[in-house]
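Here is a friendly walk through one protein chain, for a reader who likes to keep the model open while reading. Take a moment to turn it around before going on.

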Amino acid sequence: TGDMERWYSLIDDPSYYESLEKRVELEFPAAQTTDFAVNEAVALNVDVKNVETLLVKVFEIDALAYALTENREVDASIDLDGLVAGAEKTYAYDAPALRRIRHHFEFPDLTATGVYVIDFIGGGISSRAVIRKGHLEVRERLGSAGHVFEVVNREGVPRPDAAIHFGGQRYEADEDGEILL
(Lines give C-alpha, C1' and ligand atoms only; values in the text may rest on other atoms or scores of the structure.)
Protein backbone atom coordinates (compact mmCIF):
# COMPACT_ATOMS: atom_id res chain seq x y z
CA THR A 1 0.00 0.00 0.00
CA GLY A 2 1.23 3.46 -0.76
CA ASP A 3 4.38 4.27 -2.75
CA MET A 4 5.37 0.87 -4.12
CA GLU A 5 8.49 2.27 -5.82
CA ARG A 6 9.90 2.97 -2.37
CA TRP A 7 9.89 -0.74 -1.62
CA TYR A 8 11.00 -1.86 -5.09
CA SER A 9 14.14 0.23 -4.78
CA LEU A 10 15.20 -1.80 -1.72
CA ILE A 11 15.49 -4.92 -3.89
CA ASP A 12 18.96 -4.88 -5.38
CA ASP A 13 18.34 -7.83 -7.73
CA PRO A 14 16.07 -7.02 -10.71
CA SER A 15 15.58 -10.71 -11.55
CA TYR A 16 14.28 -11.35 -8.01
CA TYR A 17 11.80 -8.50 -8.40
CA GLU A 18 10.65 -9.93 -11.73
CA SER A 19 10.22 -13.46 -10.35
CA LEU A 20 8.35 -12.07 -7.34
CA GLU A 21 6.02 -10.13 -9.61
CA LYS A 22 5.31 -13.16 -11.83
CA ARG A 23 4.79 -15.64 -8.98
CA VAL A 24 1.20 -16.87 -8.61
CA GLU A 25 -0.07 -17.90 -5.18
CA LEU A 26 -3.25 -19.61 -3.97
CA GLU A 27 -2.66 -20.58 -0.36
CA PHE A 28 -4.78 -21.35 2.68
CA PRO A 29 -3.83 -19.70 5.98
CA ALA A 30 -2.14 -22.08 8.43
CA ALA A 31 -5.02 -21.83 10.89
CA GLN A 32 -7.69 -22.66 8.30
CA THR A 33 -10.05 -25.37 9.56
CA THR A 34 -11.50 -27.99 7.23
CA ASP A 35 -13.61 -29.95 9.74
CA PHE A 36 -17.08 -28.55 10.33
CA ALA A 37 -20.03 -29.61 12.45
CA VAL A 38 -23.21 -30.54 10.58
CA ASN A 39 -24.93 -27.28 11.55
CA GLU A 40 -21.81 -25.12 11.05
CA ALA A 41 -21.45 -22.86 8.00
CA VAL A 42 -18.55 -23.70 5.69
CA ALA A 43 -16.24 -20.77 4.97
CA LEU A 44 -12.65 -20.66 3.76
CA ASN A 45 -10.00 -17.97 3.53
CA VAL A 46 -7.58 -18.05 0.61
CA ASP A 47 -4.54 -15.83 0.08
CA VAL A 48 -4.47 -14.87 -3.60
CA LYS A 49 -1.57 -13.25 -5.49
CA ASN A 50 -1.29 -12.45 -9.19
CA VAL A 51 -4.57 -14.12 -10.16
CA GLU A 52 -6.90 -12.25 -12.50
CA THR A 53 -9.58 -14.93 -12.76
CA LEU A 54 -10.28 -17.48 -10.04
CA LEU A 55 -12.48 -20.49 -10.67
CA VAL A 56 -13.94 -22.21 -7.60
CA LYS A 57 -15.41 -25.70 -8.03
CA VAL A 58 -17.16 -27.73 -5.34
CA PHE A 59 -17.30 -31.52 -5.57
CA GLU A 60 -19.26 -33.82 -3.26
CA ILE A 61 -17.33 -37.07 -2.75
CA ASP A 62 -18.77 -40.46 -1.82
CA ALA A 63 -16.16 -41.05 0.89
CA LEU A 64 -17.23 -44.65 1.62
CA ALA A 65 -17.04 -45.73 -2.03
CA TYR A 66 -13.68 -43.98 -2.39
CA ALA A 67 -12.27 -45.63 0.75
CA LEU A 68 -13.47 -49.08 -0.33
CA THR A 69 -12.00 -48.81 -3.84
CA GLU A 70 -8.81 -46.85 -3.09
CA ASN A 71 -8.16 -48.31 0.38
CA ARG A 72 -7.51 -44.84 1.85
CA GLU A 73 -9.31 -41.71 2.97
CA VAL A 74 -10.12 -38.82 0.67
CA ASP A 75 -7.28 -36.29 0.52
CA ALA A 76 -6.34 -33.35 -1.72
CA SER A 77 -4.63 -35.66 -4.25
CA ILE A 78 -7.94 -37.23 -5.29
CA ASP A 79 -8.34 -37.49 -9.06
CA LEU A 80 -11.30 -35.31 -10.03
CA ASP A 81 -11.06 -35.98 -13.77
CA GLY A 82 -14.45 -37.07 -15.08
CA LEU A 83 -16.35 -35.74 -12.05
CA VAL A 84 -18.85 -32.94 -12.48
CA ALA A 85 -18.72 -30.13 -9.95
CA GLY A 86 -21.88 -29.60 -7.94
CA ALA A 87 -21.22 -25.87 -7.93
CA GLU A 88 -18.91 -23.60 -9.85
CA LYS A 89 -18.25 -19.86 -9.63
CA THR A 90 -15.77 -17.48 -11.25
CA TYR A 91 -14.27 -14.41 -9.56
CA ALA A 92 -12.36 -11.58 -11.27
CA TYR A 93 -9.64 -9.59 -9.48
CA ASP A 94 -7.66 -6.54 -10.53
CA ALA A 95 -5.16 -6.27 -7.68
CA PRO A 96 -1.50 -5.45 -8.45
CA ALA A 97 0.59 -8.53 -9.30
CA LEU A 98 2.81 -8.05 -6.26
CA ARG A 99 0.00 -7.82 -3.71
CA ARG A 100 -1.21 -10.89 -1.81
CA ILE A 101 -4.81 -10.43 -0.68
CA ARG A 102 -6.86 -12.67 1.63
CA HIS A 103 -10.29 -13.44 0.24
CA HIS A 104 -13.14 -14.98 2.22
CA PHE A 105 -15.38 -17.56 0.53
CA GLU A 106 -18.63 -18.89 1.97
CA PHE A 107 -20.38 -22.06 0.84
CA PRO A 108 -23.98 -21.90 2.13
CA ASP A 109 -25.06 -24.88 -0.01
CA LEU A 110 -22.82 -27.29 1.95
CA THR A 111 -25.38 -28.21 4.59
CA ALA A 112 -25.38 -32.01 4.44
CA THR A 113 -23.05 -34.36 6.26
CA GLY A 114 -20.28 -35.54 3.97
CA VAL A 115 -16.91 -34.97 2.35
CA TYR A 116 -16.41 -32.19 -0.17
CA VAL A 117 -13.42 -31.10 -2.25
CA ILE A 118 -13.25 -27.40 -3.07
CA ASP A 119 -10.87 -26.68 -5.93
CA PHE A 120 -9.50 -23.13 -6.40
CA ILE A 121 -7.99 -22.68 -9.88
CA GLY A 122 -6.29 -19.54 -11.13
CA GLY A 123 -3.15 -18.31 -12.83
CA GLY A 124 -2.22 -21.82 -13.92
CA ILE A 125 -2.23 -23.36 -10.44
CA SER A 126 -4.74 -25.15 -8.25
CA SER A 127 -5.22 -25.40 -4.49
CA ARG A 128 -7.69 -27.80 -2.90
CA ALA A 129 -9.41 -28.03 0.44
CA VAL A 130 -10.99 -31.29 1.63
CA ILE A 131 -13.98 -30.36 3.77
CA ARG A 132 -15.47 -32.83 6.24
CA LYS A 133 -18.91 -32.02 7.64
CA GLY A 134 -20.25 -34.03 10.52
CA HIS A 135 -16.97 -35.79 11.25
CA LEU A 136 -17.29 -39.07 13.19
CA GLU A 137 -14.81 -40.51 15.66
CA VAL A 138 -14.14 -44.10 16.67
CA ARG A 139 -13.64 -45.23 20.23
CA GLU A 140 -12.04 -48.60 20.83
CA ARG A 141 -11.70 -50.87 23.84
CA LEU A 142 -10.63 -54.45 24.32
CA GLY A 143 -13.52 -56.74 25.25
CA SER A 144 -13.61 -60.41 26.23
CA ALA A 145 -14.63 -61.43 22.67
CA GLY A 146 -12.30 -59.04 20.78
CA HIS A 147 -12.05 -55.39 19.93
CA VAL A 148 -15.17 -53.34 20.61
CA PHE A 149 -15.69 -50.14 18.63
CA GLU A 150 -18.15 -47.33 19.12
CA VAL A 151 -18.70 -44.63 16.52
CA VAL A 152 -19.63 -41.23 17.97
CA ASN A 153 -20.34 -37.81 16.51
CA ARG A 154 -18.48 -34.59 17.43
CA GLU A 155 -20.59 -34.22 20.58
CA GLY A 156 -19.72 -37.77 21.71
CA VAL A 157 -23.19 -39.20 21.01
CA PRO A 158 -23.01 -42.85 19.81
CA ARG A 159 -24.26 -43.64 16.31
CA PRO A 160 -26.25 -46.91 16.50
CA ASP A 161 -26.56 -46.94 12.68
CA ALA A 162 -22.77 -47.08 12.24
CA ALA A 163 -20.84 -49.84 10.52
CA ILE A 164 -17.15 -50.65 10.07
CA HIS A 165 -15.68 -52.15 6.91
CA PHE A 166 -12.75 -54.42 7.71
CA GLY A 167 -11.13 -57.19 5.70
CA GLY A 168 -13.72 -56.91 2.95
CA GLN A 169 -16.64 -57.35 5.35
CA ARG A 170 -19.14 -54.95 6.85
CA TYR A 171 -19.74 -55.11 10.60
CA GLU A 172 -22.94 -53.47 11.89
CA ALA A 173 -23.42 -51.88 15.29
CA ASP A 174 -25.64 -53.67 17.81
CA GLU A 175 -28.56 -52.03 19.62
CA ASP A 176 -26.07 -50.39 22.06
CA GLY A 177 -24.10 -48.87 19.17
CA GLU A 178 -21.12 -51.21 19.66
CA ILE A 179 -19.33 -53.07 16.88
CA LEU A 180 -17.42 -56.23 17.77
CA LEU A 181 -14.43 -57.36 15.69
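## Pocket, sheet and cores

The largest pocket has a volume of about 1,200 Å³. Please keep in mind that this is a predicted model. Lining the largest pocket are 30 residues, and those nearest its centre are Ala 63, Leu 64, Ala 67, Leu 136 and Ala 163. Helix 3, strand 7, strand 8 and strand 11 each give at least two residues to that lining.

Three strands form an open sheet in the order 1-3-6, and their pairing is antiparallel. Strand 1 (25–27) and strand 6 (100–107) are the edge strands, each having a single partner, so one side of each has no neighbour in the sheet. From one strand to the next, the twist averages 25°. Strand 1 is joined to strand 3 (residues 42–49) by three bridges in the antiparallel sense. Within this pairing, Glu 27 has Asp 47 of strand 3 as its bridge partner.

Setting aside residues up to four places away in sequence, Ala 43 touches Gln 32, Phe 36, His 104, Phe 105 and Glu 106. Ala 76 lies 33 residues from Ala 43 along the chain, and the C-alpha atoms of the two are 17 Å apart.

The largest nonpolar core has 19 residues, and the members that touch the most others are Leu 54, Phe 105, Phe 107, Ile 118, Phe 120 and Ile 131. At least two residues of this core come from each of strand 3, strand 4 (53–61), strand 6, strand 7 (114–122) and strand 8 (125–133). Which strand supplies the largest share of this core? That is strand 3, with four residues.

Ile 131 deserves a look of its own. Beyond its neighbours within four places in sequence, Ile 131 is in contact with Thr 34, Phe 36, Val 42, Leu 44, Gly 114, Val 115, Tyr 116 and Ile 118. There is also a second, separate core of nine residues, among them Ile 78, Val 115, Val 117 and Val 130.

Another pairing to look at is that of strand 11 (residues 163–166) with strand 12 (residues 169–172), which is antiparallel and runs over four bridges. Here His 165 stands opposite Arg 170 in strand 12. The hairpin of these strands has two residues between them, and Gly 167 takes a positive phi near 60° there.

| Residue | Loop | Relative accessible area |
|---|---|---|
| Asn 50 | between strand 3 and strand 4 | 26% |
| Asn 71 | between helix 3 (63–70) and strand 5 (87–92) | 71% |

Is each of these asparagines exposed or partly exposed? Asn 50 is partly exposed, whereas Asn 71 is exposed, because its relative accessible area of 71% is over 50%.

Conventions:
Residues are numbered from 1 along each chain as its sequence is written. This is a predicted model: local features need pLDDT of at least 70, side-chain atom pairs count only at pLDDT 80 or more; totals for chains, interfaces and linings use all residues. Side-chain values use heavy atoms; hydrogens and water are left out. Two strands pair if DSSP finds at least two bridges between them. Axes are lines fitted to C-alpha atoms, for helices over the stretch in contact, and angles run from 0 to 180 degrees between N-to-C directions. A nonpolar core is a set of buried Ala, Val, Leu, Ile, Met, Phe, Trp, Tyr and Cys residues joined through side-chain atoms within 4.5 Å. Buried means under 20% relative accessible area, exposed over 50%, partly exposed in between (1.4 Å probe, protein chains only). Contact means heavy atoms within 4.5 Å. On a 1 Å grid over the protein atoms alone, a cavity is a set of points where a 1.4 Å probe fits but cannot get out, and a pocket is an open set with protein on both sides within 12 Å along at least five of seven lines; lining residues have an atom within 4 Å of a point. Grid points are joined across faces, edges and corners, and a volume is the space filled by probe spheres set on the points.
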